[in-house]
Amino acid sequence: MMTRRLLQLFTGLAMYGISLAMFIRAGLGLDPWDVFHQGVANRTGLSIGVVVIAVSFLVLLLWIPLRQWPGFGTLCNAVLVGVFADIGLAVIPQVSLLAGQIGLLGGAIVLNGIASACYIGARFGPGARDGLMTGLARRTGWSVRLSRTLIEVTVLAIGWVLGGSVGVGTVVYALAIGPLVHVLLPRFMVPAATPKAASKPAPANC
């Protein structure tokens, strides 16, 4: 079971990073956090993968006042998504034809949904950004939906001001990713280990 969980975690994070590269190469808009990452990358000259890693660890600092603790998967997420995003950008060419852009966007959304189901289903802890959302909801009493909306609207606005790509892909991702993960997650959820039933004591001799 542990082998499956680790394989699923690392595969999911690799696919997540590749899907980010596909979104960028499609050129039709990114999800809110990646609009922010791209905007920071544009302003600093850093690769988007380096920005994703740096922002992940900065977000983890915000976990401290929320009394949220990272898991093994949280730390792997913070590093590997950025690494594979840069690898993906190195091997995936820019697409200029609209049909190719639409196909790449669709593939990116599906791959991102599978990737999300894989790493969440491995049960090694949430990503830094998801943990910020759930931690904020727990500490404030807000709903998870409200916490997520406030965070993502904020980073989307900042990213757009910094020059991140907002477009039809941003809207399609927002509408599609929730239902897609909802359908896929049960297929990738690793069952929790259950303790072995204690052996029944032998009946006493009468």
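Helix axes are lines fitted to C-alpha atoms over the stretch in contact, and the angle between two of them runs from 0 to 180 degrees between N-to-C directions. With that in hand, let us look at how the helices of this chain pack. The model is predicted, so local features need pLDDT of at least 70 and side-chain atom pairs count only at pLDDT 80 or more, while totals for chains, interfaces and linings use all residues. Residues are numbered from 1 along each chain as its sequence is written, and side-chain values use heavy atoms, with hydrogens and water left out.

## The chain as a whole

The chain has 8 helices and 0 strands, where helices (H or I, at least four residues) and strands (E, at least two) are DSSP runs numbered from the N terminus. Read along the sequence, that gives the pattern α-α-α-α-α-α-α-α. The C-alpha trace spans about 85 × 35 × 30 Å along its principal axes. Of the 206 residues, 44% count as buried; here buried means under 20% relative accessible area, exposed over 50% and partly exposed in between, with a 1.4 Å probe and protein chains only. Contact means heavy atoms within 4.5 Å. Among contacts between residues at least 6 apart in sequence, 82% join residues at least 24 apart.

| Helix pair | Axes come within | Crossing angle |
|---|---|---|
| H3 (residues 48-66) and H4 (residues 72-91) | 7 Å | roughly 165° |
| H3 and H6 | 9 Å | roughly 20° |
| H1 (residues 2-26) and H8 (residues 168-188) | 15 Å | roughly 160° |

Angles under 35 degrees count as roughly parallel, over 145 as roughly antiparallel, 65 to 115 as roughly perpendicular and the rest as oblique. A crossing is left-handed if the near helix is turned anticlockwise from the far one by less than a right angle, and right-handed if clockwise. For residue classes, Ala, Val, Leu, Ile, Met, Phe, Trp, Tyr, Cys and Pro count as nonpolar, Asp, Glu, Lys and Arg as charged, and the others, Gly among them, as polar.

Take H3 and H4, whose axes cross at roughly 165°. That angle makes H3 roughly antiparallel to H4, and their crossing is right-handed. On the H3 side the contact includes Ile48, Val52, Phe57 and Trp63, and on the H4 side it includes Leu75, Val79, Asp86 and Leu89. By class, this contact has 13 nonpolar, 4 polar and 1 charged residues.

H3 also meets H6, with axes crossing at roughly 20°. That makes H3 roughly parallel to H6, and this crossing is left-handed. Among the residues that meet are Val52, Val59, Trp63 and Leu66 in H3 and Leu132, Leu136, Arg138 and Arg139 in H6. The contact divides into 11 nonpolar, 3 polar and 3 charged residues.

H1 and H8, crossing at roughly 160°, are therefore roughly antiparallel to each other. Their crossing is right-handed. Arg4, Gln8, Tyr16 and Phe23 in H1 meet Tyr173, Arg187 and Phe188 in H8. The classes here are 4 nonpolar, 1 polar and 2 charged.

## Helix H6 and its cover

H6 (residues 128-140) has 13 residues and reaches 18 Å from its first C-alpha to its last, close to the 18 Å expected at 1.5 Å a residue; the expected span is 1.5 Å times one less than the number of residues. Its buried residues are Ala128, Arg129, Gly131, Leu132, Met133, Gly135, Leu136 and Ala137. An α-helix has 3.6 residues a turn, so residues three or four places apart point the same way. The cover over the buried residues of H6 includes H2 (32-44), H3, H4 and H7 (144-161). Gly141, which follows H6, has a positive phi near 85°.

## Helix H5 and two arginines in loops

The 24 residues of H5 (residues 98-121) should span 34 Å at 1.5 Å a residue, and its end C-alpha atoms are 34 Å apart, which agrees. Just after H5 comes Arg123, in the loop between H5 and H6. Arg123 counts as partly exposed because its relative accessibility is 31%.

Arg67 lies in the loop between H3 and H4, and its phi, near 55°, is likewise positive in a residue other than glycine. At 59% relative accessibility, Arg67 counts as exposed. Which residues does Arg67 touch, not counting those up to four places away in sequence? They are Arg138 and Arg139. The C-alpha atoms of Arg67 and Arg139 are separated by 8.6 Å, although the two lie 72 residues apart along the chain.
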